[in-house]
Amino acid sequence: MKGDFNDVFVRPVLENDTWKILLVGTLGSFMFQFLCYYFSGFFVPQYKKLSEAQKVDWCIRFVSIVHCLVSFITIYGYFFPSQACRGQLDNEGYMVYDHYCFEYSAQLGFGLSAGYFLWDICVSFYYDWGFMYKIHAILAFFVFFFSLYPFLHHWGRYYHGIYEVSTLWLHLRGMLELIEAQGTSIHKFAEISFAAAFSVLRVFIGFTVTYFWVREMVYLVTSGTAHSNGVLYYYLGGAIILSALQIYWFFVIVQAALGGAKSTDARKETLEVTKTKKQ
């Protein structure tokens, strides 16, 4: 790794009060989980009828929705970047970006997300959700942690705020299914919104953004201007894996829309197994 350990892992946390943002993201997630668990019954009567495992699933999804809403603070800066992060035309007419520009709203959003995924790591291991959930939480944590360098405060906003639009509808749909609200207008709206947001923002537009982003990252590595080649390899590897998953899930969505697949919830099944083990 070109950048030393202190420069990649320690300094970003200590500067700009970033450690406080991380702490708020983690403790805030636990707080919302606690509030959801004990107070949902006052607002949603069906919640009281859920099993213990279903209540946990409900609250985890609720925290995820809160995270989605918080993540939206970075969307504006993607479309209207500051002068420091805005692309500039060079003498040959190419758009050049400073991938190490600093914007506080990006630092705030990415820091809160790193804290959220630190919480996600904790609950994934506590409820023993399985390898895929655990590794996703760990990988996602470092994606946002490494951005606190600062790094990708413009391009990273697309994968932060805009990507989360589809995630919001995914978890809302899941919560509605927990209280057996399938077939209701809001459930149908959530299903359609998720499929549309995922297909448009993550696949059609998302793949285009990723193509140009990969070119930018490859240039940083090959030109020797990257702060850490290891971090960039991590991001590029993650982009390849994520793109493959996006394609897979896109076809799952299409298959479900055509009536060829049923909705499954691996996390709920895992929670039920975990509950049985603890009894």
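These questions and answers show how terms are applied to this structure.

The model is predicted, so local features need pLDDT of at least 70, side-chain atom pairs count only at pLDDT 80 or more, and totals for chains, interfaces and linings use all residues. Residues are numbered from 1 along each chain as its sequence is written, and side-chain values use heavy atoms, with hydrogens and water left out.

Q: Why is Leu 236 called buried?
A: Buried means under 20% relative accessible area, exposed means over 50%, and partly exposed lies in between (1.4 Å probe, protein chains only). Leu 236 has a relative accessible area of 16%, so Leu 236 is buried. Leu 236 sits in helix α10 (residues 229-257).

Q: Which residues does Leu 236 contact, leaving aside its neighbours within four places in sequence?
A: Contact means heavy atoms within 4.5 Å. By that test, Leu 236 is in contact with Trp 213, Val 214 and Met 217.

Q: Why is Phe 34 called partly exposed?
A: Phe 34 has 48% relative accessibility, so Phe 34 counts as partly exposed. Phe 34 belongs to helix α2 (residues 18-43).

Q: What makes the nonpolar surface patch that includes Phe 34?
A: Patches are made of residues with over 30% relative accessible area and no salt bridge; like charges are joined within 9 Å, and nonpolar side chains (Val, Leu, Ile, Met, Phe, Trp, Tyr) within 5 Å. The areas come from the Shrake-Rupley method with a 1.4 Å probe, and for residues only the protein chains shown count as cover. Here Met 31, Phe 34, Leu 35, Tyr 38, Phe 39, Phe 42 and Phe 43 make a patch of about 830 Å².

Q: How do you know that Asp 57 forms a salt bridge with Arg 61?
A: A salt bridge is a side-chain nitrogen of Lys or Arg within 4 Å of a carboxyl oxygen of Asp or Glu. The closest N and O atoms of Asp 57 and Arg 61 are 3.4 Å apart. Both residues lie in helix α3 (residues 52-71), four residues apart, about one turn of the helix.

Q: Are Asp 57 and Arg 61 buried or exposed?
A: Asp 57 has a relative accessible area of 0%, so Asp 57 is buried. Arg 61 is at 7%, so Arg 61 is buried.

Q: Which salt bridge joins Arg 11 and Glu 15, and what network are they in?
A: Their side chains meet at 2.8 Å, N to O. Asp 7, Arg 11 and Glu 15 are linked in a network of salt bridges. Arg 11 has a relative accessible area of 19%, so Arg 11 is buried. Glu 15 is at 35%, so Glu 15 is partly exposed.

Q: How many salt bridges are found in the whole structure?
A: A search finds seven. One of them joins Glu 177 and Arg 173, with the closest N and O atoms 4.0 Å apart. Both lie in helix α8, four residues apart.

Q: What makes a space a cavity, and what makes it a pocket?
A: On a 1 Å grid over the protein atoms alone, a cavity is a set of points where a 1.4 Å probe fits but cannot get out; a pocket is an open set with protein on both sides within 12 Å along at least five of seven lines; lining residues have an atom within 4 Å of a point. Grid points are joined across faces, edges and corners, and a volume is the space filled by probe spheres set on the points. The structure holds one cavity of 30 Å³ or more. Its lining includes Cys 85, His 99 and Trp 155.

Q: What is the volume of the second largest pocket?
A: The volume is about 540 Å³. Helix α9 gives the largest share of the lining, seven residues.

Q: What stands out in the backbone at Asn 16 and Pro 150?
A: Most residues other than glycine have a negative phi, and most peptide bonds are trans. Phi of Asn 16 is near 55°, a positive value. A cis peptide bond joins Tyr 149 and Pro 150, with omega about 20°.

Definitions and conventions
Helix = DSSP H or I, 4+ residues; strand = E, 2+ residues; numbered from the N terminus.
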